[in-house]
Amino acid sequence: MVRGTLEVLLIGAKGLENTDFLCNMDPYVIITCRTQEHKSSVASGKGSDPEWNETFVFGVSDDVPELLIKIMDSDGPSGDDVVGEAKILLEPLFIEGSIPPTVYNVVKDEEYCGEIRVGLNFTPEANNEEEFAAEEETCGGWKESSY
């Protein structure tokens, strides 16, 4: 079981499909890790090549298979449009500890619609095996009395 802190560095996106026909779209990102969710700032008027350079932190307390990154276009009261999404498998991160900024494909309806650049860092909690070993040393043996 994996426990620790997952740090996500959201850098930017390129070549996104513009969902606004008359002007540049205003993209933002929703990052979901199991039941936890963070929302980036809106890159107002940045269109198909937004930059955020924001960091988000998630607590990981169970086996989490993937990170879901959904790119949205802020359209105000008329409702936001889905631009696309990227899924990042986390198993390599848990093994390596960090993944430098990497480009991931953004997909909508199983079609490529741009790319997003994200860096990942994982900091595990203290090793449970060490805690178990410490408990084992104090259990079951006899201790010399001070009398």
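Tyr 104 counts as buried because its relative accessibility is 15%, which falls under the 20% limit for that class. The model in which this residue is seen is a predicted one. Tyr 104 belongs to strand β7, which covers residues 98-108, and, leaving aside residues up to four places away in sequence, Tyr 104 touches Ala 86, Ile 88, Ile 99, Gly 114, Glu 115, Ile 116, Val 118 and Leu 120. Ile 69 stands 35 residues from Tyr 104 in sequence, while the C-alpha atoms of the two are 9.9 Å apart in space.

Glu 110 is placed in the loop between β7 and β8, the latter spanning residues 111-124, and together with Glu 17, Asp 109 and Glu 111 it forms a negative surface patch.

The two residues are set side by side below.

| Residue | Relative accessibility | Class |
|---|---|---|
| Tyr 104 | 15% | buried |

As for the protein as a whole, its secondary structure consists of two helices and eight strands, which follow one another from the N terminus in the order β-β-β-β-β-β-α-β-β-α. Of the 147 residues in the protein, 34% are buried, and the accessible surface amounts to about 9400 Å², with 49% of that surface belonging to carbon and sulfur atoms. Among contacts with a separation of 6 or more, 59% are made by residues 24 or more positions apart.

Terms used:
Residues numbered from 1 in each chain as written. Predicted model: local features only at pLDDT ≥ 70, side-chain atom pairs only at ≥ 80, totals over all residues. Heavy atoms only, no water. Helix = DSSP H or I, 4+ residues; strand = E, 2+ residues; numbered from the N terminus. Buried < 20%, exposed > 50% of the residue type's maximum accessible area, 1.4 Å probe, protein only. Contact = heavy atoms within 4.5 Å. Patch = residues over 30% accessible without salt bridge, like charges linked within 9 Å, V, L, I, M, F, W, Y side chains within 5 Å. Areas by Shrake-Rupley, 256 points an atom, 1.4 Å probe, with all protein chains shown as cover. Salt bridge = Lys/Arg side-chain N within 4 Å of Asp/Glu carboxyl O. Lys, Arg positive; Asp, Glu negative; His and termini not counted. Charge placed at Lys NZ, Arg CZ, Asp CG, Glu CD.
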